[in-house]
Amino acid sequence: MNQLVYDFITKNHDHILSEWMEMMKRNADGRLLKIVSDNMFGQTSSEFIDVIITNTENNNEEFSAKLNDFAEKVVRLGWPLTFVNDGLHKFSRIVLTGLLNQGKVAPDEISSIIKELDEWSAPLNNEIVDMYTQTWERTVSLQRMALQELSAPLIPVLEGITVMPLIGTIDTERAKQIMENLLVGAVKHRSEVVLIDITGVPVVDTMVAHHIIQAAEAVRLVGAKCMLCGIRPEIAQTIVNLGINLNEVVTKNTLKKGIEAALELTSRKIVDVEEES
């Protein structure tokens, strides 16, 4: 980078940061400013300017480390990539305007300074996009893994009785997760009866029913009995209309009745105990 430009940036750091923050706030989406406090916005903005300045110092290791930390932070904060890119363009504009206002650049030098700023900012912009994208993909991947783990939990409720509550739609990928969790959990918890509760599943079509039947059959193969709970009237009607055969699966319309039936299958029952007066 041109030494004149570099000296201007380092000597006017605070002024550039203040002007940059003011300019970005004027153009920012209101929703973005609502979820980020003024203190956090100021701290993150300062880090962004530091990332840019570090890039001017040709310290690749420090720049990469700062850029990685910054990318992770803005992804967590929900800053869109367009906001970050726009920030880089505004930084260049502030620097150019400041050089002109202070008389640091002669009129015949403006075009060369603009060209140099563009040549400097283009690879920086590419670096930011690449790092932001990598961080976003990594974050989404981790979130997807966490959701998969939570989307089909097998919960032990009583000795030998476990429940898998299902909520939301069931696609092929989630069906595989359900099958895996059922089999691993049934063995781990030494389940005698496994209850699959579909009260929170909005639609049961042929594919969903097929996956449930497969899951029930797999549970039987590892020595446990499977029971389907939460058959709402509209779901029952859909199953009948589709001609889906659930004869091999024990069904109950509520989880409560399912647990009562599971207790009977394991030679237990719930009894009322009168308190002694």
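Thr135 lies in helix 7, where helices (H or I, at least four residues) and strands (E, at least two) are DSSP runs numbered from the N terminus. The model is predicted: local features need pLDDT of at least 70, side-chain atom pairs count only at pLDDT 80 or more, and totals for chains, interfaces and linings use all residues. Residues are numbered from 1 along each chain as its sequence is written, and side-chain values use heavy atoms, with hydrogens and water left out.

**Thr135**

- Thr135 is buried, with a relative accessible area of 2%; buried means under 20% relative accessible area, exposed over 50%, and partly exposed in between (1.4 Å probe, protein chains only).
- Apart from neighbours within four places in sequence, Thr135 is in contact with Ala71, Glu72 and Val75, contact meaning heavy atoms within 4.5 Å.

**Overall form**

- The chain contains 11 helices and 5 strands.
- Its radius of gyration is 31 Å, well over the 19 Å that the globule rule gives for 277 residues, so the chain is more spread out than a compact globule. The radius is taken over C-alpha atoms, and the rule is 2.2 Å times the number of residues to the power 0.38.
- The C-alpha trace spans about 95 × 55 × 35 Å along its principal axes.
- Of contacts between residues at least 6 apart in sequence, 75% join residues at least 24 apart.

**Nonpolar cores**

- The largest nonpolar core has 39 residues, and those with the most contacts inside it are Trp20, Phe48, Ile52, Trp79, Phe91 and Val95. Such a core is a set of buried Ala, Val, Leu, Ile, Met, Phe, Trp, Tyr and Cys residues joined through side-chain atoms within 4.5 Å.
- At least two residues of this core come from each of helix 1 (3-11), helix 2 (13-27), helix 4 (38-56), helix 5 (60-77), helix 6 (81-101) and helix 7 (110-151).
- Helix 6 gives the most to this core, with 8 residues.
- A second, separate core of 29 residues includes Met164, Ile196, Ala215 and Val219.

**Residues with positive phi**

- Arg190, which is not a glycine, has a positive phi of about 55°. Arg190 is found in the loop between helix 8 (172-188) and strand 3 (193-200), and is exposed at 72% relative accessibility.
- Ser267, also a residue other than glycine, has a positive phi near 60°. Ser267 lies in the segment after helix 11 (255-265) and is exposed, with a relative accessible area of 71%.
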